[in-house]
Amino acid sequence: MKIVVCIKQVPDTTEIKINPKTGTLIREGVPSIMNPDDKSGLEVALSLKDKYGASVTVITMGPPQAEAILLEAMAMGADDAILLTDRKFAGADTLATSNALAGALRKMEWDLIIAGRQAIDGDTAQVGPQIAEHLDIPQISYVVDIEKDIHDNTFVIKKQTEEGYQILEANTPLLITVLSSANKPRYMSVNGIVTAVDKKICVLGAANIEVDEEKLGLKGSPTKVHKAFSKGVKSAGEVFEVEPDEAVGIIISRLKEKYII
Amino acid sequence: MNFNLDKKQSLFKQMITEFADKEIKPIAAEIDENERFPTESVEKMAKLGIFGIPVPTQYGGAGGDNVMYSIAVEELSRVCGTTGVIVSAHTSLCVAPILEHGNEEQKNKYLPKLCSGEWLGAFGLTEPNAGTDASAQQTTAVPDGDNYILNGSKIFITNAGYAHVYVILAMTDKSQGVRGITAFIVEEGTPGFSVGKKELKLGIRASATCELIFENCVIPKENLLGKVGGGFSIAMKTLDGGRIGIAAQALGIAQGAIDETIKYTKERKQFGKSISFFQNTQFQMADLYTKVEASRLLVRSAAFKKDSGVSYSCDAAMAKLYASETAMEVTTKAVQFHGGYGYTREYPVERMMRDAKITEIYEGTSEVQRMVIAAKMFK
């Protein structure tokens with residue numbers, strides 16, 4: 001079984017600040033990490049590799065320094081890594097990103113593609129599903145568990161919905177997007193680290209993926225950011241640790257104080 | 001000249017930092033309070049390859065280096081001094097002498113299981129009457145056919161009772177003085193070998209520190225480590241390496257106290273503002289952090305020299321001397337910055353202060369480090 005996991009390097013904070021004058025992210029001093037949902041996606045792939053045997057390739061699109069998360073992924077147990085990097089990819093929205101990734105994936109062999117549900121910097125949850133559409137393969141999003149039925153080679157997949165869970169069966173080729181609540185990703189091992197740094201990362205540019213350049217980077221991005229701003233800081237609020245009956249009374253009296261009811 | 005960690009070292013630092021924060025820090029206070037050896041942490045670290053970092057893969061090690069090993073002990077000790085010394089004693093005092101002085105059979109027999117963490121290692125040199133004067137060994141090893149018969153006792157042995165493999169020093173020929181000391185590999189469960197009293201300690205309370213007792217303990221000759229009479233040299237070389245581990249432990253404890261104090265002084269308000277704004281706080285903390293960073297450079301330099309295969313004995317002594325005394329100073333001041341709260345077990349700095357003290361004592365006291373350094377200067 002060949003598995004490809006799509007991962008992204010993101011700033012390590014949900015409290016990232018925005019420069020109020022320029023509306024851009026303040027990236028200085030914020031370390032970069034592997035996106036948590038993607039890391040759980042990688043853990044799903046590595047667990048399938050442990051249980052059933054598989055080759056696991058990780059792929060990311062980003063600047064050259066995104067190599068760091070590819071090394072981390074290989075130190076966790078991925079077999080090889082692909083870095084899609086080119087100035088022509090810069091400024092990509094989700095559509096242009098998924099076009100580039102799908103272009104690279106068309107040149108590879110795979111049975112299962114795994115992506116994280118969404119990145120903590122953009123929170124769109126669009127790239128994984130868009131890749132599946134470009135490749136014209138089935139997709140199951142919001143996955144929290146996956147098992148392989150070794151008798152008929154299908155996957156049994158647990159998908160989270162707003163109401164609960166769905167248990168689905170699917171064949172390959174298939175793309176799934178994984179939630180970070182699916183698992184606790186393993187740590188890199190010491191020997192994994194030592195061997196990962198000696199592995200060669202396959203670097204691909206726009207010329208290698210046969211995608212119309214009009215569909216890549218800023219040119220291929222219909223999304224335009226109108227404005228970005230920080231949420232106003234709210235005070236911590238008051239906490240009452242009381243029985244429900246008493247709590248109802250407190251809530252009603254506060255709402256009345258503010259003339260809301 | 002380059003002071004940067006290489007790719008594998010920085011990736012390793014990223015991993016061990018996260019591991020220490022998520023897996024070790026949450027139980028540090030509890031294991032200290034209950035003096036409980038953290039077997040669950042040992043299992044977790046074993047899975048990641050922490051018990052064989054600087055050992056070649058051919059012997060089941062991770063194929064890393066001593067800089068990585070020192071980073072491991074530093075980061076673990078940043079949140080828990082006990083966990084740091086479990087790894088340090090195992091790696092520097094048991095794995096290293098077998099790797100550096102063992103024959104192929106011994107390396108193949110012991111290292112894979114020690115590196116995988118299936119077996120934990122320990123080292124026995126200190127005796128009731130042989131501390132800083134390690135040459136005054138009273139434990140004897142008498143040849144008897146294909147065996148040696150060991151009699152005597154060792155004290156203050158880290159990892160005792162949890163270790164499977166012990167490197168033990170014993171006198172094979174008293175008339176030869178230090179040249180009459182020989183090293184042996186002793187396995188747990190060997191008849192005549194038992195673990196005695198567990199020490200109740202000021203700090204590193206979750207680490208197992210016990211007496212070892214040898215009563216007509218029969219050790220096969222193939223377990224002789226190095227040459228007959230070569231034990232003292234093995235012990236001294238082993239302690240040179242061990243000092244990098246303890247220096248890293250001290251460094252980690254000091255860094256942990258700095259981190260806690262920055263956090264606390266930012267939060268603590270007196271006279272209407274955070275005490276971190278006061279110049280007294282800032283100037284003292286600047287001095288302490290400078291000493292911690294100087295310790296780090298000494299530790300990394302000693303580890304780098306060991307990896308480079310050049311003499312590092314004096315460097316390790318300087319690293320241990322400076323880092324341990326810095327750890328004591330930083331943690332004591334950290335408690336002071338925390339005021340009354342710092343004196344309580346609600347905050348980790350009192351534990352750090354208790355843990356720091358041992359780094360000035362074991363694997364050669366600060367006085368011994370000064371002797372080692374001066375011996376090189378005035379030779």
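Which residue of chain A forms a salt bridge with Glu23(B)? Hold that thought for a moment, everyone, and thanks for coming. What we have here is a predicted model, so please keep that in mind as we go.

Back to the opening question. The partner of Glu23(B) is Lys184(A), and their closest N and O atoms are 2.6 Å apart. Between chain B and chain A the count is three salt bridges.

Now the interface as a whole. Here 19 residues of chain B are in contact with 15 residues of chain A. The buried area comes to about 1400 Å², and carbon and sulfur atoms give 68% of that. In chain B, the residues that lose the most area to chain A are Lys7(B), Leu11(B) and Leu48(B), together 37% of what that side buries. There are also six residue pairs in polar contact across the interface.

Let's turn to chain A itself. You'll see an open sheet of nine strands with mixed pairing, in the order β9-β8-β7-β10-β6-β1-β4-β5-β11. The edges are β9 (165-170) and β11 (202-204), each pairing on one side only. On average, neighbouring strands are turned by 30° against each other, ignoring direction.

Zooming in, β7(A) and β8(A) run antiparallel and are joined by six bridges; Asp145(A) has Lys158(A), in β8(A), as its bridge partner. Finally, helix α1 of chain A, residues 36-52, lies across several strands, including β1, β4 and β6, and runs at about 165° to β1(A).

Note on methods
Residues numbered from 1 in each chain as written. Chains lettered and ligands numbered in written order. Predicted model: local features only at pLDDT ≥ 70, side-chain atom pairs only at ≥ 80, totals over all residues. Heavy atoms only, no water. Contact = heavy atoms within 4.5 Å. Buried area = accessible area lost by both parts, 1.4 Å probe. Salt bridge = Lys/Arg side-chain N within 4 Å of Asp/Glu carboxyl O. Polar contact = N/O pair within 3.5 Å; in protein donor to acceptor, adjacent residues only side chain to side chain. Pairing = 2+ DSSP bridges. Helix = DSSP H or I, 4+ residues; strand = E, 2+ residues; numbered from the N terminus. Axes fitted to C-alpha atoms, helices over the stretch in contact; angles between N-to-C directions.
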